[in-house]
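User: I would like to go through the salt bridges in this model. Could you take me through them?

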Amino acid sequence: MEDKLKILLCEDDENLGMLLREYLAAKGFEAELCPDGDAGFKAFMKTKFDICVLDVMMPKKDGFTLAQEIRSANADMPIIFLTAKTLKEDILEGFKLGADDYITKPFSMEELVFRIEAILRRVHGKKTKESTLYHIGNFIFDTQKQLLTMGDKQTKLTTKENELLALLCSHANEILQRDFALKTIWIDDNYFNARSMDVYITKLRKHLKDDPQIEIINIHGKGYKLITPEEQ
């Protein structure tokens, strides 16, 4: 049997935190509960976690700050934000920090588990599947190492950037349907996930700008197309 998947759970509401920890344990996960952002970061640096579930509004250090510190230590760590806030700006801020998902309170614990499992399936499943190397113009893209290389310059991609670029590469010079990309990577094609994908498309364009042969273009009403020289 494999070891249980470990979750860093940061939630300052003691009752909710304990309920979530017990529910996750019942579903076969091992969750370490921390009451604030400081405790969360200390726990993260001591233990190897598979995913982080972070409340946004916490004492000592909020979830956004904690997420930045976690991503500085491990750019690939999947992160889900929990929040009572529903403002678009807050949700988009979470996605700009590289959040994999965002759940507003109140939420069902079953939904949280579904989203955790979906993210972990993508992250772990892609390590053994699909093409490892893509040649994109003058770039070499290694999906397993999450590296984009051109000459001496290497760019380490986040998990979301890696997944989206891999999907674009698998549809190179073809239209990647927007709804398909959203459901493949973000599970749900809602407004906030669609805005998040736009943010990641902008990031990928910046990563690829050193090769003028390459473009990611918008196909109005349909999706995106990665324009790249055809391999001979």
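Predicted model: local features only at pLDDT ≥ 70, side-chain atom pairs only at ≥ 80, totals over all residues.

Analyst: Residues are numbered from 1 along each chain as its sequence is written, and side-chain values use heavy atoms, with hydrogens and water left out.

User: Which residue forms a salt bridge with Glu111?

Analyst: The partner is Arg115, with the closest N and O atoms 2.6 Å apart. A salt bridge is a side-chain nitrogen of Lys or Arg within 4 Å of a carboxyl oxygen of Asp or Glu.

User: Is Arg115 buried or exposed?

Analyst: Arg115 counts as buried, at 17% relative accessibility.

User: Where do Glu111 and Arg115 lie?

Analyst: Both are in helix 5 (residues 109–125), four residues apart, so about one helical turn separates them. Helices (H or I, at least four residues) and strands (E, at least two) are DSSP runs, numbered from the N terminus.

User: Changing topic, how many salt bridges does the structure hold?

Analyst: There are 13.

User: What does Lys156 pair with?

Analyst: Lys156 forms a salt bridge with Asp76, at 3.7 Å between the closest N and O atoms. This pair links distant parts of the chain, 80 residues apart: Lys156 is in strand 9 (residues 153–156), and Asp76 is in the loop between helix 3 (63–73) and strand 4 (79–83).

Notes:
Buried < 20%, exposed > 50% of the residue type's maximum accessible area, 1.4 Å probe, protein only.
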